[in-house]
Amino acid sequence: MDLDIISKLQLPKIDLPQIEWPRFDISSFRSSTVPRLKIGDSVARLPIIQGGMGVGISLSGLASAVANEGGIGVIAANSIGIIDPDEGTSPKDANVIALRREIRKARNKTSGIIGVNIMVAVNDFNELLRVVIEEKADMVFLGAGLPIKGIPIEDLRSAGVKIVPIVSSARAARLIFKSWVKRYQDIPDGVVVEGPKAGGHLGFKETQIDDPDFALERVLPKVVAELKTYEKEFGRTIPVIAAGGIYTGADIYDFFKLGARGVQMGTRFVGTHECDAHIKFKEAYIACKEDDIEIIKSPVGMPGRAIVNQFLDDVPSEEKAGLKCKWKCLKSCDIKTAPYCLSLALDNARKGILEKGFAFAGSNAYRVNEIISVKELMLELKKEYQCSEEKGADNLSFEYERALERLAALKKEYLTTLNNGLSGLKKAYAREFEKHSVTFQEEYSKISNKIVALKAEYSRALDRASILKEELAALFEQYAAFNMVCEDA
Ligand SMILES: Cc1cc2nc3c(=O)[nH]c(=O)nc-3n(C[C@H](O)[C@H](O)[C@H](O)COP(=O)(O)O)c2cc1C
């Protein structure tokens, strides 16, 4: 055996694929834009919707200011007639007149995007929606209930009104979209997902409000995933808008990373000069501490978040009988058992009479410490967003560089292992071969010696046998009668 074959063994050539990894120099990266928000054919320069805030907190003043800064301004329609009831008109008529007036006022102040917020649970839902259609508002936000039945889709579409339901779960979004497809062969144009940190009435049970499973960060991606099939089926993008507890531009950036295409903010807009509420309402925000913001049980049977005050503290001892109501705003409000009239209390708060009312507020209201203009607020949010985007790019680039370093280290380790391992193997193979060949040679010569000895012995035996055969033949001739059997050797 030729031991040389060992030295002729070739190491197999196993190369890792050569991939060009681009390098990114982000040191000069500056975020210069904030994503736009497209809902149907309306495109907002900033992806910020000012949430509708009733009663009378967001009217034409705030909505037009937001729209002028590139966001979407929203007028809250519920009980809007209470702010300035026309003599002799019924509450329903007063609401219709006031909503029409506010939409028109807003239109006169801006060419930006104006929406209307209507609670599905109000008794005059259809009448308010009719005004939205007649006045051709850009969009309508439908909260506090599932907008499933009796939606005048054709009228809304021909007036160019985009429809955006407000939900608190992926299940609610699914129910709405499924029944819209069945009933109207159409789908809404966007969805606001309002989490448990929002102000005003909340779409959660009290036990769910602090449960991490119901946090906006958890619910939002589920809604985004839920709508994917409808986006495909209808070939449309359905923006999902995050709401509840969003306070800074960094928060906006974080929710965009989770799949949101826009945000709806309420609390921050209360702290603006343009907010339509009385200065005392805004001052209640500036004065409140974190502990003053609590969940209350609203007379309409839903939990709500508000700044607690003497009025709310006194509620349990209030006389429950004797309330007379001409407004009958909400289907779920039973004036016989309600401790106070919600619309009147909210209207009082709007007017700054907080002894006879209270302020709804988001969980971040205690962070409002000054009143600024909508312009300043939008600029601040935009800057913070861009700053987060730059930080995000920095983090990404850092992670990428680390990943490349790791890749290079792995490649090195791989090649070293491969080469060392194989040449080690080659050496081990040669060693084993030599060891075994010695044993083999010994065995071989032992066996060949034995064979030689046997061969000699065999010839000797053969010679002897020939002699014996000769002798026997002679005997046979001598004794011919002897019957001899000759054996072959
Ligand atoms: C004073 C106040 C009144 C509100 N009124 C309404 C309302 O009438 N209809 C509605 O759908 N949402 C209402 N909201 C909720 C807001 O539109 C918005 O979605 C929510 O406040 C977002 O959370 P944030 O305040 O933490 O930004 C109200 C919120 C506040 C603070």
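Biologist: What are the ground rules for the numbers here?

Modeller: The model is predicted, so local features need pLDDT of at least 70 and side-chain atom pairs count only at pLDDT 80 or more, while totals for chains, interfaces and linings use all residues. Residues are numbered from 1 along each chain as its sequence is written, and side-chain values use heavy atoms, with hydrogens and water left out.

Biologist: Why is Glu231 called buried?

Modeller: Buried means under 20% relative accessible area, with exposed over 50% and partly exposed in between (1.4 Å probe, protein chains only). Glu231 has 15% relative accessibility, so the buried label applies. Glu231 sits in helix H7, residues 216-234; helices (H or I, at least four residues) and strands (E, at least two) are DSSP runs, numbered from the N terminus.

Biologist: And what makes Ile187 buried?

Modeller: Ile187 comes out at 0% relative accessibility, so Ile187 counts as buried too. You'll find Ile187 in the loop between helix H6 (170-184) and E8.

Biologist: Which residues does Ile187 contact, leaving aside neighbours within four places in sequence?

Modeller: Contact means heavy atoms within 4.5 Å. On that basis the partners of Ile187 include Phe177, Trp180, Tyr230, Phe234 and Arg236. Arg236 also touches Glu231.

Biologist: How do you know that strand E10 pairs with E8?

Modeller: Two strands pair if DSSP finds at least two bridges between them. E8 (residues 191-194) and E10 are joined by 4 bridges and run parallel, so by that definition they pair. E10 also pairs with E11 (residues 262-265), again in the parallel sense, over 3 bridges. Take Ala242 in E10: Val193 stands opposite, and the bridge partner in E11 is Val263.

Biologist: What makes you say both faces of E10 are covered?

Modeller: In a regular strand the side chains alternate between the two faces of the sheet. In E10 (residues 240-243), Val240 and Ala242 are buried on one side, and Ile241 and Ala243 are buried on the other.
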